[in-house]
Amino acid sequence: MNFECFDFGTDYSDYVTPPFLGFLEAPSTLAVKPLANAFKALNQTMEECLHSRCKPAFHIFSGDCGTGKSTNVHRFISAWKKAGFTGDGSVIIFLGSFKEVDSYRIGCELDAADYACMTPNPVYAAIGRGKNQAGKAKVLFVTHQQAWRKLLDAGSFEAITDFHYQGRPRSLRLWDELINPAYPVSFRLDLLHGLPALIRLHAPELAEVVDTLHVRAADRREGYRLAFPKTLRKLASACAMACRDWLRGHKDYASLLEGLIHLAGREGVLRKDNLYGWIVAGIGQPLPDDFAPLIILDGSARLRPSYRAWADRSPNVSFLPPAMAIYFKAKIHWWDKGASKATLSNPVDSSVIVGACVELINRRSDEQWLIIYHKDAFESRYEGGLSIIDDMKQRRLSRAGTHNHHVMAAARWMLPRKTSARR
């Protein structure tokens, strides 16, 4: 891989070749397989699950960004539909957001009679067959948060009748993106202490229980244990529903209530954080064994140590051959400048960053470019103006008179991004 860095403070064309950076090499612990073999193994596993012939395990598939992980699933389900939904199998797909639900139902070429979405959201509960007829839909969509809530309440996957197809648990179960063997919980202690004052009027019972969890200054130390009463689950759930409109603008408290729901009847411990002070950390209920067979589609699975640790402790975790993208011919340009979500939301800072990137693109107008940046920055608007990508296309690229660039979007991280280089 070619790696070059430059200083935007002087001249973009002054390249300096840095010393070897070891963090660029991230060897996978899994065997490298060609893409065709990886997707063949994935399709075979989905076929076996669909027809109830699959080993009851958590099958982890790592598909690098751009290799077509989701598209492959779309084609598999679309082909099954075109074949007349052969067999008595059924599908449940767990997704991170409603936007992904839209992407899947369109990509799988499903008709309204083919699918449903199990959610309290009234808009998505009405799509397809509708929530009330979900048991008759061959494909059921469920958000991750809804899945964890149902698993927490029922204690097992097979006991969740809302997820069934014609009275039986669905055979092909797909979880898109990261999943942990148990629900991870962490929240700031000061938020826990401040919650009763905010909710006492609307949720007095919850406020009283949370008051008992106050940790005195003398007790605040690493490893201090807090026992969370079982009653918190019902009370925090009721509060979350009653205050859902307010919580949309207060994500920290929404996360806190979610954490209390999962820690009910369990313990949390105190941890000291240099930035946020005292943190309460713990784990909720583990995934039930009868959730398997489950296929986990996580683009970063081969790089996440949590999956390897899970496999080391559980015999029912298996790794499918990963679909790996190869970047050995890529040339990376480095700018040691921060580009966090907060930075990009600032009109002045984002203008500097966008301007520098566009100037570089304009200098090489005969090349195609892939721009990777924070998804939130792409979707947000600052001061009622344009989004980051619209700013690039309209205010910058159009001024330079270049209209032939392939400006593409990807999610979760941005280049340039300030990172510590390790030698």
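Hi everyone, let's start with the antiparallel sheet: it is open, and its 4 strands come in the order E8-E11-E10-E9. Strands here are DSSP runs of E with at least two residues, helices are runs of H or I with at least four, and both are numbered from the N terminus. Two strands pair if DSSP finds at least two bridges between them. At the edges sit strand E8 (182-188) and strand E9 (225-227), each pairing on one side only. On average, neighbouring strands of this sheet are turned by 30 degrees against each other, direction ignored.

Before I go on, this is a predicted model, where local features need pLDDT of at least 70, side-chain atom pairs count only at pLDDT 80 or more, and totals for chains, interfaces and linings use all residues. Residues are numbered from 1 along each chain as its sequence is written, and side-chain values use heavy atoms, with hydrogens and water left out.

Back to the sheet. Strand E10 (residues 267-273) and strand E11 (residues 277-286) run antiparallel and are joined by 5 bridges; leucine 270 has valine 280 in E11 as its bridge partner. Helix H6 (residues 189-199) packs on this sheet and touches E8, E9, E10 and E11, contact meaning heavy atoms within 4.5 Å. The direction of H6 makes about 75 degrees with that of E8. For such angles, axes are lines fitted to C-alpha atoms, for helices over the stretch in contact, and the angles run from 0 to 180 degrees between N-to-C directions.

Now the other sheet. Here 7 strands pair in parallel, forming an open sheet in the order E5-E6-E4-E7-E12-E3-E13. Strand E5 (115-118) and strand E13 (317-319) each have a single partner strand, so one side of each is left without a neighbour in the sheet. Strand E3 (residues 58-61) pairs with strand E12 (residues 294-297) over 4 bridges, and phenylalanine 58 has leucine 294 in E12 as its bridge partner. Helix H2 (residues 69-82) packs on this sheet, with E3, E4, E6, E7 and E12 among its contacts, and its direction makes about 155 degrees with that of E7. Helix H11 (residues 305-313) lies across E3, E12 and E13, at about 130 degrees to E13.

Last, a helix pair. How do helix H7 (residues 204-211) and helix H8 (residues 231-242) pack? Their angle is about 135 degrees, with the axes 9 Å apart. In H7, Glu205, Leu206, Val209 and Val210 meet residues of H8 including Leu232, Leu235 and Cys239. Thanks, everyone!
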